[in-house]
Amino acid sequence: MAGPRKPAGIFDRDAEWADLARFAADDRPGATLGVVTGRRRQGKTLLLYELARATGGFYFGATEATATDSLRRLGAALGQHVDAPGPVDLPDWEHAVDALLALGTTRPTTVVLDEFPYLARASRDLPSVIQHALTPGRVERAESRTRILLCGSALSFMGGLLAGSAPLRGRASLELPVQPLDFRSAAQFWGITDPALAARVYAIVGGTPAYRREYVSDDAPADLADFDDWVVRAVLNPARPLFREARYLLAEDPDLRETALYHSVLAAVAEGNATRGGIAGYIGRKATDLQHPLTVLEDVGLLVRAPDSFRTGRSSFRITEPLVTFYQAVMRPAWTALEQRRGADVWRRSQRRYASAVLGPRFEELVREWALRFAAPETFGGPVAEVNSGVLTDPVGRTRHELDLVALGEPPLGDGPRPLLAIGEVKWGRRLGEPDLDRLRRVREVLRGRSSFDTGDVRLLLASADGFTERLSAVAAERSDLVLVDLPRLYTGE
């Protein structure tokens with residue numbers, strides 16, 4: 001049941017490979033279905049191609065084509081796979097799916113249909129055909145050990161395959177999302193050991209594996225001194241594929257039809273207008289008109305809605321893909337100059353904008369991710385189950401406190417309040433000191449007086465890329481309720 005070992009050429013992805021390998025090696029009778037999703041450029045195709053090769057399975061990469069053309073291509077690939085004298089005749093998808101099931105009559109056989117949305121959009125009934133083919137008790141299914149994997153990058157479409165009353169609802173025994181690499185893995189993948197450089201690179205390209213190789217011609221910044229030159233030559237260079245990638249991310253998804261509106265929404269969020277009202281004011285629309293574009297951008301994985309920990313029903317939006325934020329904040333406003341190869345001038349003028357709209361917000365995300373995924377339980381007095389931001393009003397001081405980090409513990413088994421483990425402030429370009437600690441202390445007192453959380457042991461977190469004053473560091477050494485996070489701890493510590 002363990003399945004084949006992961007090929008050496010696949011970086012990270014140990015958990016994803018293990019799940020796929022177990023699915024492919026399942027020796028129980030009866031064909032099974034798995035669904036693999038993830039945004040483009042995350043390495044899904046490499047995973048599935050190598051899985052098919054390692055298991056002696058069948059891989060088919062779909063293209064935009066008519067149903068007849070796709071069946072013809074599939075028949076030709078099948079014929080080659082089984083060493084037939086010619087293409088396999090597949091008059092329709094019913095015969096095609098049964099032919100795929102027949103591949104697994106003697107042993108577990110991996111069958112990958114990559115870019116499945118292309119096939120399903122040309123043949124609307126294909127999900128229903130697969131549903132019927134996998135009907136329990138059907139002879140073709142019962143006598144097969146074919147392990148079908150449907151893969152696609154159109155997240156809204158793939159998510160709909162298994163939702164609600166969709167034909168394949170309840171048919172899949174594997175639902176595997178392939179996410180971008182986390183910030184620590186991304187640093188390893190880029191071969192960067194300096195946390196200050198790693199954070200700057202991640203703030204632009206994120207954890208998308210493809211951006212490390214072909215999109216920049218394998219060009220990585222040599223050190224922090226080389227970073228600015230690297231941005232100009234690899235990101236702001238019209239000759240490099242990464243230059244237009246953010247635009248293509250929207251153009252490639254068939255669910256994003258009003259690209260001008262979606263670009264404006266993303267630009268609003270990149271400028272710091274994270275609420276529905278703020279976005280509406282930025283683009284000149286009514287807040288009620290934004291339900292559809294915001295939902296679509298969430299469905300395709302470019303926006304995420306983050307709840308406010310202290311204000312029920314309030315939320316803000318964040319851009320998930322760092323390259324999109326960088327494009328909207330730095331590249332889009334100067335697009336003409338960039339096309340005229342004035343990237344060095346644009347980058348020189350954009351330093352403040354890059355720091356405030358790109359680095360600062362992304363650093364906050366990294367600290368929240370660190371608290372959730374990498375911090376030891378004892379750091380916060382218990383395991384962290386959820387991390388958000390929040391806004392708290394102090395009625396006595398008549399002030400409004402914005403908290404960059406609110407870490408919550410696991411909900412209690414009974415009806416008691418949920419533990420509030422930590423509140424925090426995160427700054428990219430400023431050393432933090434005792435005044436910042438004093439502010440968090442005041443916020444903690446406000447919370448203890450009116451919070452619905454269990455605030456008995458709230459830790460105070462201060463995170464800064466520029467470090468801390470000597471006095472604050474000395475205070476932290478004497479207090480167990482104060483957590484200081486700098487770049488080295490972010491990348492290597494708990």
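Which strands does helix H2 lie across, and at what angle does H2 run to E3? Hi everyone, let's start there. Helix H2, residues 44–55, lies across E1, E2, E4 and strand E3 (109–114), and H2 runs at about 155 degrees to E3. Angles here go from 0 to 180 degrees between N-to-C directions, with axes fitted to C-alpha atoms, for helices over the stretch in contact. Helices are DSSP runs of H or I with at least four residues, strands are E runs of at least two, and both are numbered from the N terminus.

A quick word on the model. It is predicted, so to speak with its own limits: local features need pLDDT of at least 70, side-chain atom pairs count only at pLDDT 80 or more, and totals for chains, interfaces and linings use all residues. Residues are numbered from 1 along each chain as its sequence is written, and side-chain values use heavy atoms, leaving out hydrogens and water.

Now the sheet. Five strands form an open sheet in the order E2-E3-E4-E1-E5, with parallel pairing; two strands pair if DSSP finds at least two bridges between them. E2 (58–61) and E5 (172–177) are the edge strands, each with a single partner, so one side of each has no neighbour in the sheet. The twist averages 15 degrees from one strand to the next. E1 (32–37) and E4 (146–152) pair over six bridges, and Thr37 has Gly152 of E4 as its bridge partner.

Finally, two helices. H13 (259–270) and H15 (291–299) pack at about 80 degrees, axes 10 Å apart. The contact (heavy atoms within 4.5 Å) includes Leu261 and Tyr262 of H13 and His292 and Pro293 of H15.
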